[in-house]
Amino acid sequence: MKHFNIAIDGPAGAGKSTIAKLVAKKLGFVYVDTGAMYRTMALHFLRKGIDPADEASIAEACRDVDVTIRYEDGAQQVILNRENVSDLIRTEEVGSMASATSVYMPVREKLVELQQELARKTNVIMDGRDIGTCVLPDAPAKIYLTASVDVRAKRRYGELVEKGVECDLESIAEDIKERDHRDMNREHSPLKQAEDAVLLDSSLMTISQVADAIIAIAREHGLEV
């Protein structure tokens, strides 16, 4: 049986992860948390005592690693070489290592390979910057999810205020513009809308409306539910 995959791309702050998790829950799909996979790779490197600046050793360590995601009782479990490491990958140390090592092509290539393998085994929904263009180019349903800079900045501002973080709306908007420019102009796998992706602007939509729209798009592209 061929599994159905949904690819969501779009700029920072468009709500991709929140929406993808909701759609996964509604459809019973596996939400592939690519960020968690990068953190799991980072944990692997830390356990081997590798310096984050040592690209050659990082590349070597990518050869003997397996990372996958599964769900148990509705909760995401991240597996590193058959060990459940879900509770070990959220530390600052792992986050710093993930940030430092995610820039290396061998890390990215290994994770793309693992993500594609996961997509062949089960129905998945995946979000990022290059899912429809590079990771899952054959996904039947591709969505480019976006929103205006103003809307994305206000959403981010609201999240930070709720956490008690002092912030400035104008600075957040500028940061988002800069990040968009970086993502769209980076050398490897830049952010862009796949030719066969459906453009979905969530600026005037609720989270629930966006999720329903994505499910409708998936049905239009062959999902039978």
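UniProt positions are given in the numbering used here, feature names are shortened, and annotations may be inferred rather than shown by experiment. The model is predicted, so local features need pLDDT of at least 70 and side-chain atom pairs count only at pLDDT 80 or more, while totals for chains, interfaces and linings use all residues. Residues are numbered from 1 along each chain as its sequence is written, and side-chain values use heavy atoms, without hydrogens and water.

Begin by selecting residues 2-155, where an unreviewed UniProt entry places the feature "domain: AAA+ ATPase". Over this range the chain is 47% helix and 21% strand; helices (H or I, at least four residues) and strands (E, at least two) are DSSP runs, numbered from the N terminus.

Next, select helix α2 (residues 34-47) and helix α4 (residues 92-101). Their axes, lines fitted to C-alpha atoms over the stretch in contact, come within 8 Å and cross at roughly 100°. This makes α2 roughly perpendicular to α4, a term for angles of 65 to 115 degrees, on a scale from 0 to 180 degrees between N-to-C directions.

Now display the side chains. Among the residues of α2 that meet α4 (heavy atoms within 4.5 Å) are Tyr38 and Leu46, and those on the α4 side include Glu93 and Met97.

Then move to the open sheet, whose three strands lie in the order β3-β4-β5 with antiparallel pairing; two strands pair if DSSP finds at least two bridges between them. β3 (67-72) and β5 (83-84) stand at the edges, each with a single partner strand, so one side of each has no neighbour in the sheet. Finally, return to α2, which packs on this sheet and touches β3, β4 and β5.

Key: Parallel < 35°, antiparallel > 145°, perpendicular 65-115°, else oblique.
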